Amino acid sequence: MEAHDITLLSFQIQEDTFAVDALQVDHILEVPPVITSVPNTPSFMKGVINLHGNIIPVVDMRIILDKKDITNGADTSIIVINPTDQQDARLGVLVDMVKEVIETKRELLKETVLEGKKGMIDTFEGTLVLNDEFIHVIDLKNLTEVVVK
Amino acid sequence: MIDKFRAKFVEESMDNLHDLEEALFLLEKDMENKELIERIFRAMHSLKGGGAMFGFNHLSDFTHHLETIFDWVRNGKLKVSTDLISLTFSAIDQINFLLKTGDLSKEEDIQNQKVFIQRIQAFLTVTNSPSDAASVNTASDQEAGESEEKSYLISFIPQKELLQNGTNPLYLLDDIHALGDALSIAYTHKVPSLEVLDASANYCIWQVLVSTAESINEIKDVFIFVEDECELHVDLIAETAIVGQPEVKALVSKALSSNILLTPDDFKKGQWAPKSQQPAVRDEKKKVAVKEHKISSMRVSSHKIDELVTLVSELVTIQAQLSLYAENNEDPTIVSLTENIQKLSRQLRENAFDISLIPLQSELMRFQRLVRDLSKDQNKDIDFIIEGGDLELDKNIIENLTDPLLHILRNSIDHGIELPDERIAAGKAPKGTILFKAFHSGANVIIEISDDGKGIDPEVILQKAIHKGLVEADVQLDKKEILDLLFVSGFSTRDVVSDVSGRGVGMDVVRRKIANIRGEVTIESEKGKGTLISIRLPLTLSIIDGLLVAVGSNQYVIPISAIDKIYALEPSQLKQSFNNVVVIDSEQYPYIDLRKVFQEEEKESAEVIQMIMVKAEDKITGVIVDNVIGEYQTVVKPLGKYLKKQEIISGASIMGDGTIAMVIDTSRLLHNRKLKK
Amino acid sequence: MLAEIKKQFYNDTLRELEGINGKLSAEELPVNEHAVIAEKIFTISHQISGTGPMLGFNSSSVLSRKLEKTFYHIRSGEREITPQLLWQTKRAIEAIIKAISEENSQKEF
């Protein structure tokens, strides 16, 4: 059944690989020279950027996942997601490196089992095992809830 | 194609209804006003004509009767009365219904309409003296002896210039229809494609079949002032009234589909039976839009305007980047070109934003209607006064504002204003007043709805809140805090089922809806005196004149409208200050240090401290920033839903170099400070 | 000076036209008034079609010339006044009023 096909965009955060539903990805951007910080916001909220005249908030996925020793390198990118397809619901997600687009089937997702809690994220959509690598698929609904909280 | 015209007609008719309603409200206050009567007549007239043209036959028939009434009124045959106005108001609802549903198909609806038409006709018969019935053109011609009716085929082939002489062919067709049962056919096959169409020219040809007791000369007289600009044939086709008979309709639809004009011979074959006693379906006209001579305004879908505004914002941003580049490159040609582009894009932006604003007025008619209808239903006498209706707001704000406002007004009528004798007993004028006031205040728009009704008893509210378990029984609240309970969800009493809302019912919803557009709603009330509800709205999504300032590494915009003055202070002046109050020109002002609010480091080395005096709620408060950069006119963009909690920042603006400056909501800033104390 | 005349012309014409229009609006015009109103309409339409264009009121001249012609025939008895004719006359006069007031408001006197 075609309905079960899913497309994922995978990305790297330090030693771990994650993915998001590619259909909900709007843009992939290089990190701009300036991310304007917004005062009095949680530390994962890096600030806002100007994307074609629209203001997009950017969160640092590494902080959300409770990683230490965060450094930005040449591969650091922003994945702009749009979970509800509304202008004001777009969110930039800062990751260490964008990897690849994966075509797969929903049935192949296994329940995510993680050693310890992954920062502020409560649930994942599942985990895909590909070439001996674990790819955890982020539940964007959960992510946006974390951000609004 | 025709569907498109139909949709357009409905849209325009809604405007027309709006105008009609407005005129009716004014007429109620000034029943002799000729101009208003004329306006109402015209509105009915165009609804009738347009209705017939676009296949809204029931609408056309219905408005025809109303038109007749107002024709009588304007000719002094009938006097305007409250009853007539009420009837017309309900007729507006019926018209609205007909516009939305098109021709009626449900038997029930058809019956209702018939009853309604009888009510309208009752107005005509009550005052209809015998001599009036003899008057020709306009009065209903149903009474005319049907046996004397003959049928004519009128072929009206205007030259292109017809419209240029101030002649509206639709009037002429109307006059023919007024002579008796008539069917119009508009031939539009000569209308050229849009590219070569001359809007001031006429391309249509009409044929009208009419059954009338009037003479052929009477028919020709209709065209007396256009005879030079048209070819006109009036032929007798039958000695009886044949319009409305199926054979005739078949001929008409054949002519319409084939674009071949009917000739008198076409009717010779028919054996026409005498007209049946049942009233024929009238006004089955099929015409196509005739270009009106002048277009002073046009409709554009709001989606297109949103797109325009977005594009213009982008243009302005890029233009600013260009300016920056030009400055750095000192090429005189580029500099001067850039300046011109800057001027143009500024104008373009102002225009685009101006287009996207709509006056509050557009919604006020609904409010007036609500007040009128509800007060009539409840036998209350209410003067509804509107101030500041011309205030313009972003359409997104207005769209989200209507429901809460309707709700508030409903509350005022249902529970605020008392019955006339209750008012007299309370020592008030029998007529209550509801004042709707909209005005700019600083960077906000304030809408106030106040009534001089019975007000709210805080004790009752408190008891109810205790009863509902919203607050503890021994709670100590001041009056303001008690009234605020009205907005708490769960306060509403839904156990009373009626279309009349309880004061407090749904006020939580009102607050939530207003909060969605970043507005605030507050309530004040004095028992026995009245209630004031005030809504404070931001100007998000619109452009503001702002003062660009720097705090730490960021830039912020403070709306100029909120700024009173800017002072440069010696650091020593602050050092002497106590409890965040500074003395300037021997006046004491509280102040806020934005660097502390935003948790930025203070620059100790500063020689001068810039203090911006911001006014809010009649108070002036100083705001300290690192640096004042200058004035900017800027587009406020929303921060998106993830930063909604960020209260002090109401939006963000994209600067010329593409960087972002955040727009400070000064009243929230000052408000938050008060809360923290 | 010219502006003064224009203004005068506009005001007088408008007043006259509105007077006639008012008469035509009254239920049915008594037959004994027919001659008087026909004379009035003839005169005013003659004035509009003659003097109007000179003073910059162009748009109504075609229509007023038609009125003039029709009422010329009525005056001379070649044509009869019918209710329909009066109705159409009212329409024409309304159109003229509209046209000249539009022209008037467009002009800077």
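Which residues make a nonpolar surface patch of about 260 Å²? In this model, which is a predicted one, the patch is formed by B:L322, B:Y325 and B:I341.

B:I341 sits in helix α11 of chain B, which covers residues 332-356. Its relative accessibility is 37%.

The largest nonpolar core has 54 residues. Within that core, the residues that touch the most other members are A:F11, A:M61, A:I138, A:L143 and A:V147. What does A:M61 contact, once its neighbours within four places in sequence are left aside? The partners are A:F11, A:I13, A:V93, A:L94, A:V95, A:I121, A:I138 and A:L143. Another core, of 45 residues, lies apart from this one; among its members are B:L405, B:I417, B:V445 and B:I535.

Finally, I come to the meeting of the two chains. The size of an interface is often given as the accessible area lost when the parts come together. Between chain A and chain B, the buried area is about 2000 Å², and carbon and sulfur atoms give 61% of it. In chain A, the residues that lose the most area to chain B are A:P39, A:N40 and A:I55; together they account for 28% of what that side buries. In terms of contacts, 25 residues of chain A meet 23 residues of chain B. How many salt bridges are there between chain A and chain B? The count is 0.

Methods:
Residues are numbered from 1 along each chain as its sequence is written. Chains are lettered from A and ligands numbered from 1 in the order in which they are written. This is a predicted model: local features need pLDDT of at least 70, side-chain atom pairs count only at pLDDT 80 or more; totals for chains, interfaces and linings use all residues. Side-chain values use heavy atoms; hydrogens and water are left out. Patches are made of residues with over 30% relative accessible area and no salt bridge: like charges are joined within 9 Å, nonpolar side chains (Val, Leu, Ile, Met, Phe, Trp, Tyr) within 5 Å. Accessible areas come from the Shrake-Rupley method with a 1.4 Å probe; for residues, only the protein chains shown count as cover. A salt bridge is a side-chain nitrogen of Lys or Arg within 4 Å of a carboxyl oxygen of Asp or Glu. Helices (H or I, at least four residues) and strands (E, at least two) are DSSP runs, numbered from the N terminus. Buried means under 20% relative accessible area, exposed over 50%, partly exposed in between (1.4 Å probe, protein chains only). A nonpolar core is a set of buried Ala, Val, Leu, Ile, Met, Phe, Trp, Tyr and Cys residues joined through side-chain atoms within 4.5 Å. Contact means heavy atoms within 4.5 Å. Buried area is the accessible area (1.4 Å probe) that two parts lose on being put together, summed over both.
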